[in-house]
Structure formats: structure tokens, C-alpha cells
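Work through the following exercises with the sequence and the model side by side, and try each task before you read its solution.

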Amino acid sequence: MIGLVKKGKGEDSLELMEFSLRNLSENDVLVKIHYTGICGTDLHIKKDEYPAEYPVVLGHEFSGEIVEKGKNVREFQLGDRVVSLTAAVTCENCEYCEQGMFMLCAQRKSIGSGIDGAFSPYLVLPASLLYHIPSNISYKEAALSEPLACVVRCVVERTDVKAGQQIIVSGPGTIGLLTMQVVQAHGAQVKMLGTSEDLERLQLAEKLGAEETIIVDTKEGSQRLKELGDSADIVFECSGAAPSAMTCLSIVKKQGHYTQVGLFGKNIEFDFDGALKKEITFSNGYASEPSSWRIALQLMEKGQIDLKSLVSDIYSLENWEKGFEKAESRGGLKVLLSP
Ligand SMILES: [Zn+2]
Ligand SMILES: [Zn+2]
């Protein structure tokens with residue numbers, strides 16, 4: 001089988017090469033991959049900024065179809081359209097596993113970093129990880145269900161969003177635009193912050209219902225931020241950039257809530273004394289849990305999230321380098337690879 005393998009350390013250690021697909025056990029299914037999204041985490045793994053167990057096939061944001069199943073698998077049939085949880089291997093009896101918080105298990109191995117992932121034509125997975133794709137959702141859209149589940153973890157499960165609150169999202173990439181839409185689905189309006197490199201993305205944010213967009217690195221933008229002062233009930237930092245974290249801290253109100261949605265990939269400087277003086281509550285979310293997937297799939301089924309507009313480019317697996325370049329350039333939004 002051919003797959004996009006991270007062979008070891010070093011930026012040039014990512015290669016499309018032969019690997020051997022795990023044998024199907026009685027609780028497994030063989031999934032034919034339709035699309036796999038390039039995630040910020042894949043870019044971090046490529047640059048050795050996020051750990052992986054080498055050699056490993058990358059990719060965890062996939063949609064696919066069951067083409068073979070083990071004899072114990074009853075809840076799924078051949079031809080079923082599926083997506084899956086990423087925490088594939090866990091101990092199943094620590095205090096976190098017992099509460100369904102598999103990302104926090106010390107033994108966890110995730111798809112595309114701890115075990116082989118979905119930048120490949122096929123993937124073998126335990127059927128217990130799978131979810132059916134709602135019938136109104138295409139394979140292309142379904143490839144965004146993993147990032148949506150991660151956003152649900154942060155917005156719904158780790159932050160308490162209420163209708164009528166003043167909410168600011170910083171970073172209009174895929175994660176920021178999903179965050180905005182999940183907040184809107186909870187009845188609150190969002191002001192979206194970006195930089196002058198994000199003009200197209202900010203336009204899309206407006207199309208998707210942003211109350212206001214602010215370009216923070218312009219004169220007008222910094223003037224507008226001053227006008228707003230520290231008025232936001234909740235800020236969601238979605239860019240993984242240190243200056244954005246500081247902007248979020250400056251605009252959140254006293255006793256407000258700061259939620260970190262994405263990874264920075266490195267240590268950053270942050271004004272913790274400033275946060276103390278405002279008595280800020282912090283939260284964040286580590287990828288997604290089964291509870292997050294159930295909510296994400298419901299939102300998709302009810303048509304409350306526009307996923308289609310977030311897919312900017314599709315490349316074949318052979319053209320993965322172009323896809324990764326595009327994803328790194330901030331020129332597009334979600335880039336999918338299709339095997
Ligand atoms: Zn991801
Ligand atoms: Zn565990």
C-alpha cells in the first residue's frame with residue numbers, strides 16, 4: 001500500500017512510499033478513503049513541532065466507505081459511509097478512559113501520529129471508533145467532521161456560550177470559521193479578528209454571518225479594537241499565533257473567559273499577570289471525545305454548519321507536496337487530499 005509516511009525527524013522525512021497495511025482483525029473494518037484533510041497538526045508533525053511515532057502514515061481528518069469488515073462487526077455494513085474518532089488505542093480502564101476522555105489517556109495512540117493514518121487509499125480501524133456520515137452530508141464535507149468535533153469540544157464542552165454574549169474569535173482559518181459557526185448555532189454573535197493577510201477569509205466570515213470583522217494590523221482595525229476596549233465575554237484564540245493571544249487578552253472583559261482552540265507548536269510569551277489582574281478564566285480542548293462527535297454530527301445533520309464553503313482545494317495524494325504548500329501558505333482554507 002502507498003501512503004504519506006513521516007519516516008523520522010527532519011522536515012524532509014515526509015515521503016509518499018510503500019508501507020504495509022495492518023491485517024484486519026475480527027473487530028476491525030477496512031475503510032476506503034475518499035478525502036483526508038490537511039490539519040495544522042499534520043504541518044506541526046512535518047516540522048517536528050508535534051510528537052509522532054515514526055515511521056507513521058499521517059492524516060486523521062478523513063471520510064470513507066467500509067469495503068471489508070471483521071466477523072464481530074455488526075453495527076456497520078459494507079458500503080456504509082463513515083468518519084471516526086482519532087484516539088484509536090487507549091488503555092480503557094484509567095480514570096480518563098472510564099469517563100470517555102480518551103485523549104487524556106496516558107496510553108493513547110491517535111490515528112496519523114501514534115498509528116497509521118488516512119493519507120493513503122485504505123485504512124484499517126476498530127469499528128468501535130466509527131460514526132455514520134449523516135445522509136445530507138457529502139464525503140467532501142464529512143472530511144471536516146474531525147476539526148468540527150475538536151471545535152465542539154472547545155466551544156460547547158469546555159466553554160459555556162450563552163445567547164446574547166459578546167464573543168470574539170481571533171483567526172479566520174478553518175478552525176476559526178468553524179468556531180464562529182458553532183457559537184452562532186448557540187445563539188450568540190461573533191466579531192472575527194484577522195490580519196491583512198486574511199482578507200478573503202474575513203470576507204467569508206462575513207458571508208457566514210460574522211457580526212463584524214476587524215483587520216487588526218491596520219490603523220482602522222487598531223482604532224476599532226480601542227473603541228471596543230475590554231468588552232468581550234468570551235474570546236476564542238484560533239490562530240495559534242502569540243500576538244493574537246495577547247490581543248485576545250486585551251479585549252476580554254474582567255472575569256471573562258479565554259479559550260485556546262488551536263496549538264501554538266512552541267512556547268509563547270503571554271502576560272499572565274495581565275490575566276490575573278482581570279481574573280480571566282482559561283480553558284482549551286485537546287482534540288475531541290466521543291461526546292464531541294455526537295454533537296458535531298447532530299449540527300451537521302441539522303444543516304447548522306456550512307462545511308462546503310471551507311473546502312478551498314483538493315489535490316490527489318500524489319500531489320501532496322502542493323497540498324501541504326497550499327495549507328502552509330494561508331492562501332486557502334481546508335485543503336483535502338484524495339487518494
Ligand atoms: Zn485535525
Ligand atoms: Zn486510559
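Four donors count as tetrahedral if all angles lie between 85 and 135 degrees, and donors are N, O and S atoms within 2.8 Å of the metal (3.2 Å for Na, K and Ca), with water not among the atoms, so that sites may look incomplete. The model is predicted, so local features need pLDDT of at least 70 and side-chain atom pairs pLDDT 80 or more, whereas totals for chains, interfaces and linings use all residues. Residues are numbered from 1 along each chain as its sequence is written, chains are lettered from A and ligands numbered from 1 in the order in which they are written, and side-chain values use heavy atoms, leaving out hydrogens and water.

**Exercise 1.** Find the protein donors of the zinc ion (ligand 2) and determine the geometry of its site.

Solution. Begin with the donor atoms, which are the SG atoms of Cys91, Cys94, Cys97 and Cys105, lying 2.3 to 2.4 Å from the zinc ion. Next, take the angles among these four donor atoms, which are 103 to 119°, and the site is therefore tetrahedral by the definition above. Finally, read the spacing of the donor residues in sequence, which is C-x2-C-x2-C-x7-C.

**Exercise 2.** Which residues does Arg108 touch, not counting residues up to four places away in sequence?

Solution. Then list its contacts (heavy atoms within 4.5 Å), which are Tyr50, Ala87, Val89, Thr90, Phe102, Met103 and Tyr286. Lastly, note that a polar atom of the Arg108 side chain lies 2.9 Å from the backbone oxygen of Met103.

Notes: Tetrahedral: all angles 85-135°; square planar, octahedral: opposite > 155°, others 65-115°. Polar contact = N/O pair within 3.5 Å; in protein donor to acceptor, adjacent residues only side chain to side chain.
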